[in-house]
Amino acid sequence: MSAGGPRIVVYGDRHFQGVRALWETVFPDDPPWNRAEVAIPKKLLVDRDLFLVALDGERVIGTVMAGYDGHRGWLYAVAVHPEARRTGVGRRLVEAAEDRLRGRGCIKLNLQVRAGNDAAAAFYEALGYEQEPRISLGKRL
């Protein structure tokens, strides 16, 4: 990684290939509706400044997408390239998203971790997130 660590920037079209490659590495079993070519264009229609990438030089090594509906904030697609894990990239991405959401008046932030992904749960717990007694429901439209 370059000296001084990665740069955290707002996603730009030039980052698409790097984000797609990262997500294919980090989320190999994601369903089709979460793939970059579907998710990114939809995200860019809403709060594009809440889609951040971590860059090592010009190489995409991390992402976070955040959302805010005026009531709750959400984190999605938090991804760090395996070679860049445990270097603070994930923490910096999450903190950058939190700062942006806080600036919009967000006071509660939610995220979901897939059952069995104990490493991800431990990462978020180390950042102060707590497991809440909830049942997550979803419906594809």
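## Terms and model

Helices (H or I, at least four residues) and strands (E, at least two) are DSSP runs, numbered from the N terminus. The model is predicted: local features need pLDDT of at least 70, side-chain atom pairs count only at pLDDT 80 or more, and totals for chains, interfaces and linings use all residues. Residues are numbered from 1 along each chain as its sequence is written, and side-chain values use heavy atoms, with hydrogens and water left out.

## Helix 1

## Salt bridges

A salt bridge is a side-chain nitrogen of Lys or Arg within 4 Å of a carboxyl oxygen of Asp or Glu. The whole structure has twelve salt bridges. One of them joins R7 and E58, at 3.0 Å from N to O. R7 belongs to strand 1 (residues 7-10) and E58 to the loop between strand 2 and strand 3, so this pair ties together parts that are 51 residues apart in sequence. E58 is exposed (over 50%), with a relative accessible area of 59%.

D13 forms a salt bridge with R48, and their closest N and O atoms are 4.0 Å apart. D13 lies in the loop between strand 1 and helix 1, and R48 in the loop between helix 2 and strand 2, so the pair ties together parts that are 35 residues apart in sequence. D13 is exposed at 57% relative accessibility, whereas R48 is partly exposed at 38%.

R100 and D49 also meet through their side chains in a salt bridge, at 3.9 Å from N to O. R100 is in helix 3 (residues 89-103) and D49 in the loop between helix 2 and strand 2, so parts that are 51 residues apart in sequence are tied together. Salt bridges link D47, D49, R100 and R104 in a network.

Terms used:
Buried < 20%, exposed > 50% of the residue type's maximum accessible area, 1.4 Å probe, protein only.
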